[in-house]
Structure formats: structure tokens, C-alpha cells
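Let us check some labels against their definitions. Please look at the model first.

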Amino acid sequence: MCVAAYNAINGGKRWDTAAKIFRVLLRLEGGQMLTQTCRELLLRDHAIEVGSYSYGPFFHPGHFPPNVKIGRYTSIGPQARVFNQNHPLDHLSTHPFFYESQWGMAGEPMPRHTLDIGADVWIGYNAVVTPSCKRIGIGAVIGAGAIVTRDVPDFSIVAGVPAKVVRMRFSDEVCEAIRQSRWWEKSRDELVGVRELFHRTLSQPADLHPFLREAGATHGSE
């Protein structure tokens with residue numbers, strides 16, 4: 001019924017009304033981490049692909065632009081915004097009258113690139129990702145209030161205005177072991193049996209997490 005109402009009001013365009021229907025769907029389907037219907041509608045009508053268990057303000061239609069891909073298990077804080085389209089700096093005017101079709105005066109539309117946000121990313125409150133950033137790597141952390149103006153490496157922590165790498169979360173060896181594990185491809189149910197391993201600290205390369213040792217051994221035998 002909710003989807004029928006969403007379709008009837010053309011929810012892909014009427015964002016405020018669509019947001020109310022999304023809130024109902026979220027209550028019915030266990031919230032942002034679990035809803036499948038909202039993910040399908042975001043992909044179909046808003047060109048936003050959201051991986052399983054990820055959550056954030058993109059579940060309010062219109063808050064994120066089209067052409068955004070978000071990996072699994074990613075956390076995006078309130079008021080975080082992403083942009084993947086610039087105003088035309090080399091035209092006579094930068095005004096949307098001249099590049100957005102709904103105003104009836106547009107020429108060629110301004111290109112909108114795809115922003116790829118990896119798995120297990122954490123983007124803090126009020127962070128802003130600008131159009132010059134096209135990829136936020138696996139396991140990256142973006143500090144609250146940061147202004148991201150370039151691609152963010154896997155497992156890096158960035159902060160500031162403009163955002164810069166503060167440090168890496170792990171050593172190169174541990175980062176590679178995590179990449180090889182591809183643990184984020186597993187469902188929540190698959191991870192229940194090893195959840196205690198996710199409570200352990202990752203320290204030095206010589207003290208690799210047992211889950212990563214197991215994953216590395218499996219990877220090496222393939």
C-alpha cells in the first residue's frame with residue numbers, strides 16, 4: 001500500500017511527501033539498516049544505490065543527489081551532504097536557469113559524475129563531500145564538519161577544511177588482510193557466529209585478527 005501511494009504521488013519528484021511515506025516504510029521494515037523497499041525506491045527513482053545495513057540522511061528523498069553508490073555497512077551521520085555536480089565556471093553565468101531543464105532555458109546539462117562510497121565507511125556529522133571527490137575508500141573515516149575535496153584512500157581518517165589524511169587506521173599489512181577478507185559481503189546472520197571477533201582490537205601486523213587470519217588462509221587456497 002505504501003509503495004502504491006508513493007507511485008501515485010510520483011514520489012521520485014515530490015520529495016517532501018515521499019519522505020513521509022519513507023518514514024512509514026522504515027517503521028514497517030525495521031529501520032534504515034534493514035529496509036529493502038526504500039533501497040529499491042532510492043535506486044529506481046533517485047539513482048542512489050545503498051548497500052545492505054548502511055544508514056544515513058540519504059533515506060530522506062532529495063537529500064543526496066543522483067549517481068551516488070554507497071557500500072554495505074556504511075554509517076553516514078546527520079546533516080552530511082554530498083555533491084557530484086558543479087556550476088559552470090567557464091560559462092557567462094553560473095545560474096541553474098541555463099543548465100537545469102525545468103526552467104526552459106537550458107542548453108547542455110552539467111555533467112554529474114558517480115560518487116562511490118565504499119563499504120564500512122563512517123562519515124561524520126555535517127561533513128560535506130564536494131564534486132571533486134569521486135571515491136571514498138573502504139573503511140575510511142571522515143571527521144565531523146570536514147570538507148572533502150579529493151578522493152579518500154581506503155582505511156584513512158580524514159578531517160579538516162579542506163579534509164586531509166590525519167592517519168591510517170591500520171598498517172598496510174592489516175589493510176590488505178581486511179580487503180582480502182571481504183567480510184562486508186556477508187550478511188548479518190552470517191556474522192552472528194563470529195560477532196565476538198568484531199569486538200577485538202586490531203593492533204600490529206604480527207597480531208592479526210583471527211577472523212582475518214582465517215580469511216587470508218581461505219583466500220590463499222583459492
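Q: Where does Met-105 lie?
A: Met-105 sits in the loop between strand 4 (81-82) and strand 5 (115-117). Strands are DSSP runs of E of at least two residues, helices runs of H or I of at least four, numbered from the N terminus. This is a predicted model: local features need pLDDT of at least 70, side-chain atom pairs count only at pLDDT 80 or more, and totals for chains, interfaces and linings use all residues. Residues are numbered from 1 along each chain as its sequence is written, and side-chain values use heavy atoms, without hydrogens and water.

Q: Why does Met-105 count as partly exposed?
A: Its relative accessibility is 45%. Buried means under 20%, exposed over 50%, partly exposed in between (1.4 Å probe, protein chains only). Met-105 therefore counts as partly exposed.

Q: What makes the contact of Arg-179 and Asp-154 a salt bridge?
A: The N to O distance is 3.0 Å. A salt bridge needs a side-chain nitrogen of Lys or Arg within 4 Å of a carboxyl oxygen of Asp or Glu. The pair is therefore a salt bridge. Arg-179 lies in helix 4 (residues 172-181) and Asp-154 in the loop between strand 10 (147-148) and strand 11 (156-159), so the pair ties together parts 25 residues apart in sequence.

Q: Is Asp-154 buried or exposed?
A: Asp-154 has 12% relative accessibility, so it counts as buried. Arg-179, at 29%, is partly exposed.

Q: What makes Arg-182 and Glu-185 a salt bridge?
A: Their closest N and O atoms are 2.6 Å apart, so the pair meets the cut-off. Arg-182 is partly exposed at 41% relative accessibility, and Glu-185 is partly exposed at 45%.
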